[in-house]
Amino acid sequence: MDRIFYSLLSVPILITKSLVPYSSLGAIIIPVVGVLIITIILSFILTPYRKYFKLLIFIYFLFVSVLLIYQGIKPRPPEDIISSDLRENRNYAITICLSCIGIE
Amino acid sequence: MKKIINKLVYLRPLFGLAGFIIFNSYFIGFLKGIYTGNNKRFCAPFINCHSCPSATFACPAGLIQHYLSYHHLFKIWLIPKFVIGTLVLIALIAGKAICGWICPFGTIQTLLYRLKSVKIPLSPKLHFIKYVVFIGLVIYLPVLLGAPWFCKLCPVGSLEAGVPLISFGTGSVQLREIAGNLFSIKLAFLSLFLLWSVFSKRPFCRLFCPIGTIYSLFNKFSLLEVKVDDDKCIHCGKCKKLCPIENEAPLAARSVDCFLCGECVRICPTDAVKYGFRYSDLIIPRSLKPNDKQKPNKA
């Protein structure tokens, strides 16, 4: 699954890797935004096929969202500062957020 | 079908109430303290403060800021993959229909606008503010300063968590003693938005909500859409009066800010506006649709 995830994003990663050092930022956000920008430009160039590009964007983000959810559910490597997204979500959400109440 | 949709749209506030009850069903929390069960691993699809004693799910805006406020030597900041994945998936399926139908704070604003008063339209030109708020308070300041800055100003947090926890419940006396200027500022923000909602349509949703902003980004690609038949539209302006973004259906439905609330579907006298699925034309060719009437030849 990881291979699919990274191969799906590999082309934009190759483009951006020289500019941005590898991190979770470089691995996800920049490729996603990069693909989006390229697709939007292409959709404007190829106006008659705009609806097909919309479908392409839809399918692409559907894949990305499912894989992001999968990545979130999966336990993170031991050296990572958080063990998994789900555990981290719960740990944060079961404590009262003082900012939300309005206490400095 | 049209009648059922019309009735559902008319009863839309009840869906908002249902949304509130589903995501805030731990009412005993007002006596025992906030819910700490496993449901809090998942987030609600709208802003719903998880510090509310009855909240059973986490707040997506709070989680995004929490992850971004992590600082690490090599990882500049962490991405809440699960939360973003969930929000993007919801956005791709339903677009901003979540805001239009089940968001409780949106429902409160809709109901407040029904009160008789002078009405002040909000210019669509101001909609860019929500992107500034999203980038500034939800992304930039948490990354830079390591604190959830949107939460510090969030009126939903004040309404669902601040006011109940400080007014009554366990530990309210201690909280009252340490509540300072920030609580007053948050209370002022809450009052401002509630009062503003009486005069303008959904000001918080249109100008400040970060979750609505994420949904806006995918509103033009979402499966669910409001379809407008330009040939049938007579530009009577009835939809503009009810539209939360104060636009005629042909413009509103094609906007990223459309709430997919269906008010234009309900009110349209010529049935020019309908709910539909965006890619149905691409998947099922138009010629194969059974209800399509063939247009007569001009010749």
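Reply: Let's start with a term: an axis here is a line fitted to C-alpha atoms, for helices over the stretch in contact, and angles run from 0 to 180 degrees between N-to-C directions. Two packed helices are described by the angle between their axes and the distance between the axes. Helices (H or I, at least four residues) and strands (E, at least two) are DSSP runs, numbered from the N terminus.

Some ground rules before the details. This is a predicted model, where local features need pLDDT of at least 70 and side-chain atom pairs count only at pLDDT 80 or more, while totals for chains, interfaces and linings use all residues. Residues are numbered from 1 along each chain as its sequence is written, chains are lettered from A and ligands numbered from 1 in the order in which they are written, and side-chain values use heavy atoms, with hydrogens and water left out.

Now to the helices. In chain B, helix α4 (residues 60–68) packs against α8(B) at an angle of about 25°, and their axes are 8 Å apart. So α4(B) and α8(B) count as roughly parallel (angles under 35 degrees; over 145 is roughly antiparallel, 65 to 115 roughly perpendicular, and the rest oblique). Where they touch (contact means heavy atoms within 4.5 Å), α4(B) brings B:I64, B:Q65 and B:L68, and these meet B:L137, B:V138, B:I139, B:P142 and B:V143 of α8(B). Sorted by class, that contact has seven nonpolar residues, one polar and no charged ones. For the classes, Ala, Val, Leu, Ile, Met, Phe, Trp, Tyr, Cys and Pro are nonpolar, Asp, Glu, Lys and Arg charged, and the others, Gly among them, polar.

Next, the start of the chain. The axes of α1(B) and helix α2 (residues 12–23) of chain B come within 4 Å and cross at roughly 60°, which means α1(B) is oblique to α2(B). Here B:L8, B:V9 and B:Y10 in α1(B) meet B:R12, B:P13 and B:F15 in α2(B). This contact has five nonpolar, no polar and one charged residues.

On to the salt bridges (a side-chain nitrogen of Lys or Arg within 4 Å of a carboxyl oxygen of Asp or Glu). The structure holds eight of them over all chains. One joins B:D271 to B:K2, with the closest N and O atoms 3.2 Å apart. B:D271 sits in the loop between α17 (263–267) and β2 (273–277) of chain B and B:K2 in helix α1 (residues 2–10), so this pair ties together parts 269 residues apart in sequence. B:D271 is partly exposed at 33% relative accessible area, and B:K2 is partly exposed too, at 28% (buried means under 20%, exposed over 50%, partly exposed in between, with a 1.4 Å probe and protein chains only).

Another bridge pairs B:D257 with B:K130, the closest N and O atoms being 2.5 Å apart. B:D257 is in the loop between α16 (249–252) and α17 of chain B, and B:K130 is in helix α8 (residues 129–145), 127 residues away. Both B:D257 and B:K130 are buried.

Then there is B:R278 with B:E225, whose closest N and O atoms are 3.3 Å apart. B:R278 lies in the loop between β2 and α18 (280–283) of chain B and B:E225 in strand β1 (residues 224–228), so the pair links parts 53 residues apart in sequence. B:R278 is buried at 17% relative accessibility, as is B:E225 at 14%. Finally, B:R12, B:E263 and B:R266 are joined into one network by salt bridges that share partners.
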